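Dear colleague,

I am passing on the structure we spoke about, and my notes follow below it. Please read them with the model open beside you.

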Amino acid sequence: MARTDRRFRILVSAYAVSAYGNYLNLIALSLFTYEVTGSALGVGATMALRLFSGFLAGLAAGALSGRVTRRTVMIWTDVAQGAAMTVLVLTAPTTPLWLLAVAVVVLGAGNTFFTVALRSAVPVMVGQEARARANGLLVTARSLATVLGFASAAPVIAFGGYAAAFAVNAVSFLWSAAALLVLRPRTDDEGKDVPADTASRRGTESPVRTGRGLRLWRGAAGVRSLVLGMILLRGIDALASASHNVALPVVAHSAAPDEPALFMTRFWAAWAVGTVLAHLVLKRRQGEAAWDERAFALGTCAMSLSFVAAFLGLPAFALMGAAVSAGFADGWTEIVYTSRLQAAPDRQRGRLFGLSATAEQSGFALGTVAAAAALETLPAPAVVGVFHGMAVCGALVLLMCTAGRRGPARRSRRQPDNGNDEGEETHGPRSGTSHLPGA
């Protein structure tokens with residue numbers, strides 16, 4: 001167990017390096033795209049292409065994990081993304097638009113495939129009992145990498161140009177792939193969570209035997225309705241989170257016209273502190289109530305309200321407090337949500353996280369376009385308030401759905417939670433996404 005824990009911590013470190021490269025590249029690639037296309041419309045179209053490729057990858061991720069091991073998926077997606085960034089390094093001064101589009105598609109799809117495989121593999125790597133703590137480590141690593149990546153983007157680009165930023169990102173992908181190759185973690189359960197004849201009687205098909213992306217949706221019929229409600233709320237949360245990601249640069253230029261980058265760095269640094277605190281608190285939580293749908297819905301409400309408060313023109317100290325609160329709630333919901341989906345049987349896990357990735361990508365894409373359009377006529381606080389108000393309403397609906405089932409859940413807690421409707425009354429022990437921070 002100690003050896004597994006040590007190996008997983010090394011993998012988390014490699015994941016942090018890869019995430020740092022991703023967030024550094026997020027800024028570098030946006031600026032580089034503007035130079036290549038020469039217009040804000042080109043930047044928006046490129047972002048939409050990246051999100052759309054991630055959306056399609058989410059549809060196919062469950063089927064892919066049934067055909068090859070999750071470790072193989074993670075290694076090859078790292079290699080593919082590293083190769084795409086290497087090509088941009090070599091062609092950075094005169095990159096043609098078509099080549100940039102290909103690289104963006106590889107990055108969008110690769111990130112989704114990697115994230116689905118990693119989230120699905122965590123219970124196999126560390127065990128079901130330790131999955132929440134493992135998710136907390138991953139969330140903490142990503143949060144710190146987010147702040148470092150955003151903060152170092154400007155100096156890296158100033159020192160070596162876009163090629164330097166792309167090279168750092170390429171190396172970070174290869175570092176992650178090398179760690180997976182050397183450590184060879186066990187990412188797939190060789191046993192069978194549900195016997196084949198049992199799965200047949202339930203009318204569900206194992207992802208191992210289905211190779212078509214459309215069956216990802218057909219298989220949802222065998223998933224608990226409340227779990228599907230969590231995935232839907234996660235998509236609404238991504239839509240709402242797009243609003244503050246789009247509005248924050250606008251507020252930064254208004255509140256600190258001389259140092260907008262410093263304003264954003266401080267905000268995300270405070271947010272990252274909150275996510276770390278969430279991990280420290282949750283790893284001490286015991287019992288099913290810490291990981292159920294109710295905890296996720298309450299966390300979503302707290303996160304949305306905190307982000308809305310951050311856009312109300314608060315003084316600097318109060319603004320940092322709101323950012324810490326938003327980060328805490330964001331980390332809480334990420335860990336609870338991922339841990340809950342990981343309670344499903346191994347064969348079903350890839351399908352659930354594929355559905356989740358699709359919901360998150362589509363929600364964030366729609367939210368980005370809608371929020372950008374709304375900011376043309378409405379102030380940032382109003383836009384953020386409306387979008388996060390939708391997330392709060394969705395969370396309240398989920399809370400009402402869970403309220404009627406709390407009694408039966410207590411009577412059946414000793415039953416195993418397999419994530420299916422047959423265990424409808426049982427509860428089991430959540431994670432820029434592949435999406436941006438706070439999403």
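In which helix is Glu334 found? Glu334 belongs to helix 11, which covers residues 316-341; please keep in mind throughout that this is a predicted model.

**Buried charges**

A search of the whole structure finds nine salt bridges, and Glu334 takes part in one of them with Arg142, where the closest N and O atoms are 3.5 Å apart. Because Glu334 lies in helix 11 and Arg142 in helix 5, this pair ties together parts that are 192 residues apart in sequence. Both partners are buried, Glu334 with a relative accessible area of 2% and Arg142 with one of 10%. The side chain of Glu334 also makes a polar contact of 2.3 Å with that of Arg234.

Arg234 in turn forms a salt bridge with Glu360, the closest N and O atoms being 3.6 Å apart; since Glu360 lies in helix 12 (residues 346-374) and Arg234 in helix 8, the pair ties together parts that are 126 residues apart in sequence. Glu360 is buried, with a relative accessible area of 0%, and Arg234 counts as buried at 1%. These residues belong to a network of salt bridges that links Arg119, Arg142, Arg234, Asp237, Glu334 and Glu360.

A further salt bridge, at 3.5 Å from N to O, joins the side chains of Glu293 and Arg340, and as Glu293 lies in helix 10 and Arg340 in helix 11, it ties together parts that are 47 residues apart in sequence.

**Helix geometry**

Helix 5 (residues 131-183) has 53 residues, yet its end C-alpha atoms are only 19 Å apart, short of the 78 Å that a straight helix would reach at 1.5 Å a residue. A bend of about 120° lies at Gly160 in helix 5, and the helix is followed by Arg184, whose phi is positive, near 45°. For helix 8 (residues 225-255), the 31 residues should span 45 Å, and the 44 Å between its end C-alpha atoms agrees with this, although there is a kink of about 30° at Ala247, shortly before Pro249.

**Two further places**

Ala295, in helix 10 (residues 293-310), counts as buried at 8% relative accessibility, and its C-alpha atom is separated by 9.0 Å from that of Leu399, 104 residues away along the chain. On the surface, Val273, Leu277 and Leu280 form a nonpolar patch with about 220 Å² of accessible area together; Val273, which lies in helix 9, is partly exposed at 44%.

Best regards

Notes: Residues numbered from 1 in each chain as written. Predicted model: local features only at pLDDT ≥ 70, side-chain atom pairs only at ≥ 80, totals over all residues. Heavy atoms only, no water. Helix = DSSP H or I, 4+ residues; strand = E, 2+ residues; numbered from the N terminus. Polar contact = N/O pair within 3.5 Å; in protein donor to acceptor, adjacent residues only side chain to side chain. Patch = residues over 30% accessible without salt bridge, like charges linked within 9 Å, V, L, I, M, F, W, Y side chains within 5 Å. Areas by Shrake-Rupley, 256 points an atom, 1.4 Å probe, with all protein chains shown as cover. Salt bridge = Lys/Arg side-chain N within 4 Å of Asp/Glu carboxyl O. Buried < 20%, exposed > 50% of the residue type's maximum accessible area, 1.4 Å probe, protein only. Expected span 1.5 Å × (residues − 1). Bend = angle between axes of the 7 residues up to and from the residue.
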